[in-house]
Amino acid sequence: MATAGLALPARVWGLRPAVLAAAAVAPALLLFARLLPEDGLGLALRLAAAAVCLLVLPGALVVRAVGWPEIPAYALAASIAISLGLLFVAFAVTFAVGGTLTLTLGLVAAAAAAALVPAARADAPATDRSEAIVLAAVLVAGVAFAGVVWWVAHSLETGDVLFHLGRARKLAEADSLDSVNVVNEFRDGGLHPGYAFPLWHGVLALVSHLVGVDVSLVVLHFSAALTPLAFGVAYAAGRAVLGHWAGGVAVLAAHVGWVGFSRAGLGSFDSTALPGSATRLLLVPILVALLFAYLRDPRRRMLPTLAAAALVVAVVHTSYLVLAAIPLAGFAILALAVGPARRPLASHLAWAAGALVLPAGLFFLWLWPTIADFASYRTAEAERARALAHYGAQLQAVGDGLRAAPDAITRSGPILVAALLLVPLVGLAVRRWWAAFAVGGTLLTLAVLLIPPLFTAFVDAISVSQGRRLAQFLPVPFVIAGASVLAGRFRFVAVAAALALGVALELAYQADSSHGVEAPGPVWPLWVAVLGAPLGIAAGLWLGPKLDRFLVQSPWTAIVGCTLVLPVAVVGLGDLRRSDARDPYALTPGLVRALDTLDHDAIVFAPVQTAYRVTAGAPVFVAATLPFHVADTGAARPYQRQRASNRFFTAKHIPAAERAALLARYDADWVLVDKTRPYPRAFVSTLTTEYEDGRYLLLRAPE
C-alpha cells in the first residue's frame, strides 16, 4: 500500500506526470554532472546526459506527441532521427541569420517544449513488457561496452580525427555562424562535398557547449556516450528486419562482432564520435529499422520519420546514403521477385522510396554545385589512376575499368567470412523478408564490388575513395541472424556447431585494416556466397511451406547468434590496447594558446603536417594542409597548395621576393615555423616574431 501511495497519478489536468518526469531526467542529470569534476565519472555523466538531451529527448517528445510506436526499439530509432532532423533545421536557421550555438540550442529547446504538452497528453500504446525488458538489457550491455570504449580512448589519434576536430572546434569557438563555410580549412577553398553541411560537427560543438569542456575531450570520449545508443539502434534494425526480439539480439551480436572487432582495438566503436562511424553505427541502422518498421506496419505517420532518417544520413555523410541503398535495393529486387504479397509490398516500397528520395534529393540538389566542382576538377580516368596509386592492393585494374580486390573485401575477419559461408543456408528462407534482405543485399553489393563495369560506373559517380567502402555495408549481421533462425531449432547441437565455427574461423582468419592489405582475406568464401545463394534460393522456393517449422524464432536464435560471435569477442577483448601513440608533430601548449589569440579569419602559412594540427588546435584558416584530409576540388586544390608550402619552406635557392609572393598568393597573415624541420632562416629573420618556444616560431607575414 505504501508503494502504491508513492506512485505518480495517471493524469493531472489531462497530462501524464510520468512523461513530464521522464523528460526532466536528462536535463537534471546534466545540471548535476556540471557540479562534478571535468574528468572521469563527472565527464562521463555530462557526455551521456548531453547525448540524451540532444539526440533523444527532443525527438522522443515529438514522436510521443504524434504517435509512439508499440515497439520501444522503434521509438528509440525514431527519436534519434527526429532529434537530428530538428538539429538540422536549427543549424540551417542559425547559418541563415548569422547566429550562435546558443540560438541553435534555443531553437531545439523550443521545439521540444512545444511538443511537451501534446506528448504528455497522448495515450501510450499497449507495449509488450518483454520488448521493453529486452531493449533495457541491450542498453545496459551498451553501457558496459561503453566502459571499454572509454578505457581504450586514452589519447587522440592523428588520422581523420584531427580533420573532424578542427571543424567542430570552428563551430564551437566561432564568434558567429554566418555560413556553412565557417568550418573550412581554407578561407577560399569552397565546401567539402562529403561534409558540406556540418550537422554532426555541430552536434560535437553543441555537446562541448552543454558540458563545458574543450571540444577535443568531446571528440575523445563522446564515442563512449554514444555506444549504448548504437547498441539500441542496431538491435532495433534487427528487430524490425527479423520481426522478433531474438533475431534483433542475434543481429546486435553479429554487428558488434563484425564492426567492433574487424580491426585493432574496438573497430569503429572507438570512433563513433566521428561522422563516418556515427553514420555507419547509428544512422544507417536507424534508417534500416524505420524502413522495415514501416513495411511491417505501413502507417503513413511513419513516413516523415523515415524521411528524417534519410535526410540526416545524406547530410552527415553524403555518400553513405548511396552505399546503404544498394543492399536495400537488393532486398527490394529479391522480395518483389519471389517473396509473398508482392503487390502490397511494391506499393509500400514506393511510398518508402518517396520518403527516402525526396528530402535527400533536395539536399543533393543544394549540394550539386560542390559535387560538380569536384567532378570537373579531375576526369574519371585521372581519378581512377590516382586511386590505383593510392589504394593499391584494395583495387584491381581490369582492362579500362576497376573492381574491388576480392581478398580486400574478405579481410575484415571471421564474422564476414562466416556470413559469406552462410548465405546459401539463409537462401532457403527466401520467402521471408529478412532472408531477402540478407541474401539479396549481399548478392547485389558483391555484384557492384566485383563486376568491373558496375564498379567502374559506381566509383565514377561517387569517387573511388567512397566506393571502395561499399563492402562495409554488406548485410553481414542479418545473414548471421538468419542462419541462427534456421539453426536454432536444433538447440544445443546448433550452439555447439556455432561455437566450433566461430573458433575455427577466428583461428584461421584475422581481421586486417592496413592500408596496403598486409593480410589478404580468403577469396573462396565469395564463391560460396555467389554460387551457393542461387542454389539456396531455388531449394527454398521448391520446399516452400515445408521449411516453415525451421523458420520460427525463439530464444535459441539469440543464443546461437551470440555463440558464433563469442570466440571473436573474447579474442578481441583480450587484445585491447589503449590509444597512447605519441604525435611527432604535436603542437606545444604555448603555441596553441598563441594561436587561440589570433583572429578567427586569420590565415596561417605552415608546413602541411604542422598546418593539419593547427586546424585542430585553433579556429583559424591555413594556406595548405595534408591533401588527403581535405576536399580535392577545383576551389581547394590541396595538392597545389602543398607544393607551394613545400617550396616556401624547403627550396634553398629561391629569392625572398618569390617567398613573399607565395605568402601573398594565399593571403597569409602569419607564418608558422617548425624549427626541427627545414625552413628559410634568412627570410624568416626579416619577419616580426609573435611567439617562440623550443620548437615553434610564429611570425607576422609581410604586409
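Mentor: A cavity is a set of grid points where a 1.4 Å probe fits but cannot get out, and its lining residues have an atom within 4 Å of a point. Please keep in mind that this is a predicted model.

Trainee: Which residues line the second largest cavity?

Mentor: This cavity has a volume of about 80 Å³. By class, its lining has five nonpolar, five polar and two charged residues. The lining residues are R167, N184, E185, F186, G189, G190, L191, H192, V630, A631, T633 and A636.

Trainee: Which residues are the closest to the centre of the largest cavity?

Mentor: The structure holds four cavities of 30 Å³ or more, and about 280 Å³ of space lies in the largest cavity. Of the 20 residues that line the largest cavity, the closest to its centre are H255, V284, L474, P477 and F478.

Trainee: Which elements give two or more residues to that lining of the largest cavity?

Mentor: By class, the lining of the largest cavity has 17 nonpolar, two polar and one charged residues. Two or more of the lining residues come from each of helix 10 (215-242), helix 11 (245-260), helix 12 (275-296), helix 14 (318-338) and helix 22 (476-488).

Trainee: Is C53 buried or exposed?

Mentor: Buried means under 20% relative accessible area. C562, with 33%, is partly exposed. C53 has a relative accessible area of 16%, and is therefore buried.

Trainee: How many disulfides are there?

Mentor: A disulfide is a covalent bond between the sulfur atoms of two cysteines. The rule asks for a pair of cysteine sulfur atoms within 2.5 Å. By this rule, the number of disulfides is zero.

How values were computed
Residues numbered from 1 in each chain as written. Predicted model: local features only at pLDDT ≥ 70, side-chain atom pairs only at ≥ 80, totals over all residues. Heavy atoms only, no water. Buried < 20%, exposed > 50% of the residue type's maximum accessible area, 1.4 Å probe, protein only. 1 Å grid on protein atoms, 1.4 Å probe; cavity = no way out; pocket = protein on both sides within 12 Å on 5 of 7 lines; lining within 4 Å. Points joined across faces, edges and corners; volume = space filled by probe spheres on them. Helix = DSSP H or I, 4+ residues; strand = E, 2+ residues; numbered from the N terminus. Nonpolar A, V, L, I, M, F, W, Y, C, P; charged D, E, K, R; others polar.
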